[in-house]
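Load the model and keep the selection panel open. The stops below go from the core to a helix pair and then to the ligand.

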Amino acid sequence: MAFLGCSRGLGRAVCLEFDRQNHLLGSLLVARSKASLNSLAQEMSHQPCSVVMDFSKREAVKPLLDLLAETKMNRLFYFAGGGPHGLYSDKAWKDHLWSLQVSFLTPSEILHGVLSRPDLSHITQLVFVGSLIADSQADPGAASYAAAKHGLKGLIETVQSENPDRDIRFFRPGYMNTDLLPKKARPRAEGRPLLEPAAAAEGFVKWVMTPQAPKILDMGL
Ligand SMILES: NC(=O)c1ccc[n+]([C@@H]2O[C@H](COP(=O)([O-])OP(=O)(O)OC[C@H]3O[C@@H](n4cnc5c(N)ncnc54)[C@H](OP(=O)(O)O)[C@@H]3O)[C@@H](O)[C@H]2O)c1
């Protein structure tokens, strides 16, 4: 299994849940910094292979796909996502571009690479993460993130319908108690209940390991 963007939050919790269930052997962890991979490794009883990559750089995609071909991973989970918090007009364009690259363009290009490259046909399951809120509603304070998630949802649903026999899945959590939600974000300020990443991870792992499960999983509180 390849865990892409797993240093914090949901991705980290999913790695730890697979580790707890002894399913992590032979896996590949990919994160933006060595330090975060080391801190994750300290919490695990199994020690999978790990690689540093920055998904905000388009140039990262080809080496990633080559690595997936070489290591013969058969499941791929893309968790990375994020964006600037604040009014669209107040934020610098480079921050919006960052959000669109990490949350939409990189996962889109990974999906395209896996479906089109014969040397990646061993990847039998691909899972991407949307958002119960940002992929289908206005999300004030997170315009480029919402645009990226809307785009990702449209892409995945279309590619799912073009490839009904492929196991391409879309996980749609509600608000989660992770660093992605800043202290000032509306759901925190309003005291709304937030999903704990460990609980979301437990549901995620059960779902991806169930072959006949629906291809889209909504998980809110
Ligand atoms: N939290 C929520 O309320 C919520 C709700 C719905 C959907 N989601 C989605 O759930 C997924 C996980 O989010 P989270 O809440 O777990 O967020 P998080 O705690 O902020 O974690 C985001 C993860 O993405 C990684 N990442 C970000 N930019 C990256 C880059 N350029 N290259 C490599 N890795 C990068 C981060 O790595 P670093 O440690 O290196 O930054 C981190 O591991 C995202 O797709 C998010 O959109 C979250």
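A nonpolar core here is a set of buried Ala, Val, Leu, Ile, Met, Phe, Trp, Tyr and Cys residues joined through C-beta atoms within 7 Å. Buried means that 20 or more other C-beta atoms lie within 10 Å of a residue's own, with C-beta atoms placed from the backbone. The model is predicted: local features need pLDDT of at least 70 and side-chain atom pairs count only at pLDDT 80 or more, while totals for chains, interfaces and linings use all residues. Residues are numbered from 1 along each chain as its sequence is written.

Select Ala2, Phe3, Leu4, Val14, Leu76, Phe77 and Tyr78: of the 51 residues in the largest nonpolar core, these touch the most other members. Helix H5 (residues 143-162) gives the most to this core, six residues; helices are DSSP runs of H or I, at least four residues, numbered from the N terminus.

Next, center on Leu4. Leaving aside neighbours within four places in sequence, Leu4 is in contact with Val30, Leu76, Phe77, Tyr78, Phe79 and Ala80 (contact: C-beta atoms, placed from the backbone, within 7 Å).

Now show helix H4 (residues 93-116) with H5: their axes come within 8 Å and cross at roughly 10 degrees. The axes are lines fitted to C-alpha atoms over the stretch in contact, and angles run from 0 to 180 degrees between N-to-C directions. H4 is therefore roughly parallel to H5, a term for angles under 35 degrees.

Finally, select the ligand. Of the 28 residues around the ligand, Gly9, Arg32, Gly81, Thr178 and Leu180 come nearest (C-beta atom, placed from the backbone, within 6 Å). Helix H1 (residues 9-20) supplies the largest share of this shell, three residues.

Key:
Helices (H or I, at least four residues) and strands (E, at least two) are DSSP runs, numbered from the N terminus. A residue is buried if 20 or more other C-beta atoms lie within 10 Å of its own, exposed if 12 or fewer, and partly exposed in between; C-beta atoms are placed from the backbone. Two residues are in contact if their C-beta atoms, placed from the backbone, lie within 7 Å. Angles under 35 degrees count as roughly parallel, over 145 as roughly antiparallel, 65 to 115 as roughly perpendicular and the rest as oblique.
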